Amino acid sequence: SIDDYVSALTAGASFTPLIDAIQKPRLALAYVIRTFSICVSAILPFGAWGYFIIYQIAAADNVGSRAEAVGIFLQAIPFMFYAIIACIVAILFAVGIVPKIGPMKKAYQMAKEGKQMGELKEGEVDEDGEEEEEEEFDENDERKQNISVWNLILPIGSIMVALIATGLDCYLAFGIAAIFTGLLYIFQGIMTISEYVQCIVDGFLDMMDMVIILMLGYSIQEIMYTMGMEAFVENVCHAIPFVTLLPVLIFVFFSCTEYLYSLNYTLYQIAVPILMVVLPRVGANVPLCLGALISAGLFGANACVVSDLGVLSARACRVRVYEQYITSQPYFIISGILAAIGYLAAGFLLT
């Protein structure tokens, strides 16, 4: 879960054949993958989400350095109640302790009969308009001789080592990892130089939508600073009669906005630098409130029907997006309610 996209894609591709073989529903796999890939990525300081959040903390006017931002983030990890609860619920669901609810029960019944609810057939057009194609492999292809789990573990390990060695310099670390991975694959004959370069270019193209969203987020952030958003948010916080209610209000309010249309990174871009300045002024517990805000973004990424991770995890498990949404929804809502109760209690106990 260094990156939620990579986690969802690799886990989906790896475990879908096994799930079919043991007659379990792919929709259950998609739910577990969707939960863990993003929640763990946000908890890890070197995960894609965690790393991004640290940068937003460092952007606040009252945070002196990136090292201080990392310290604040580490303090907020125990208060990421939704991420922790959602992972626990997913584990309990996987081992059979949490019952199968609603459409998920039907998915299990169909799987016992050898059918997959919401299965995306070969050549079928999914909600995103793309056809699902079945890859064909030539048994005589020499590249198959080099298929090994180490070709997955070593590149991921190189990212972690490079991040530590460069002091969490993301750009340099991922550049080093990209070069290392290219050499690893090219020398084994898995890819040619031209194929690897084309793969890198295709990856850039796939991320253009996210880059545009981030650019718009930073533009909105600057506009809001110019309009005096910090003063406005501070006045709103002062209007709340009990500062102990701030954590649960932050979680519930932003969970609702993210549930309607999850913008993922944009929420943290706009809200984190402002709240980091305002929360100490109103006497709030900063790590607790930061954990509540992060949890709200994670809830939206899990539960929103148009979340990019939802689309990705559904395609990785070869199921339709809508069926994946309706089967996993009860578990996300249960986790969200438990997290809200946790923030209400923690607000009174820890503020």
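Modeller: Let's start with a term: a helix axis is a line fitted to C-alpha atoms over the stretch in contact, and angles between axes run from 0 to 180 degrees between N-to-C directions. Keep in mind that this is a predicted model.

Biologist: Thanks! How do helix 14 and helix 16 run, roughly parallel or roughly antiparallel?

Modeller: Helix 14 covers residues 286-303 and helix 16 covers residues 321-350. Their axes come within 10 Å and cross at roughly 170°. Angles over 145 degrees count as roughly antiparallel, so helix 14 and helix 16 are roughly antiparallel.

Biologist: Which helix gives the largest share of the nonpolar patch on the surface?

Modeller: That patch includes I193, V197 and L216, and its residues together have about 900 Å² of accessible area. Helix 9 (193-206) and helix 10 (208-226) each supply at least two of its residues. L216 lies in helix 10. The largest share, 5 residues, comes from helix 10.

Key: Residues are numbered from 1 along each chain as its sequence is written. This is a predicted model: local features need pLDDT of at least 70, side-chain atom pairs count only at pLDDT 80 or more; totals for chains, interfaces and linings use all residues. Side-chain values use heavy atoms; hydrogens and water are left out. Helices (H or I, at least four residues) and strands (E, at least two) are DSSP runs, numbered from the N terminus. Angles under 35 degrees count as roughly parallel, over 145 as roughly antiparallel, 65 to 115 as roughly perpendicular and the rest as oblique. Patches are made of residues with over 30% relative accessible area and no salt bridge: like charges are joined within 9 Å, nonpolar side chains (Val, Leu, Ile, Met, Phe, Trp, Tyr) within 5 Å. Accessible areas come from the Shrake-Rupley method with a 1.4 Å probe; for residues, only the protein chains shown count as cover. A salt bridge is a side-chain nitrogen of Lys or Arg within 4 Å of a carboxyl oxygen of Asp or Glu.
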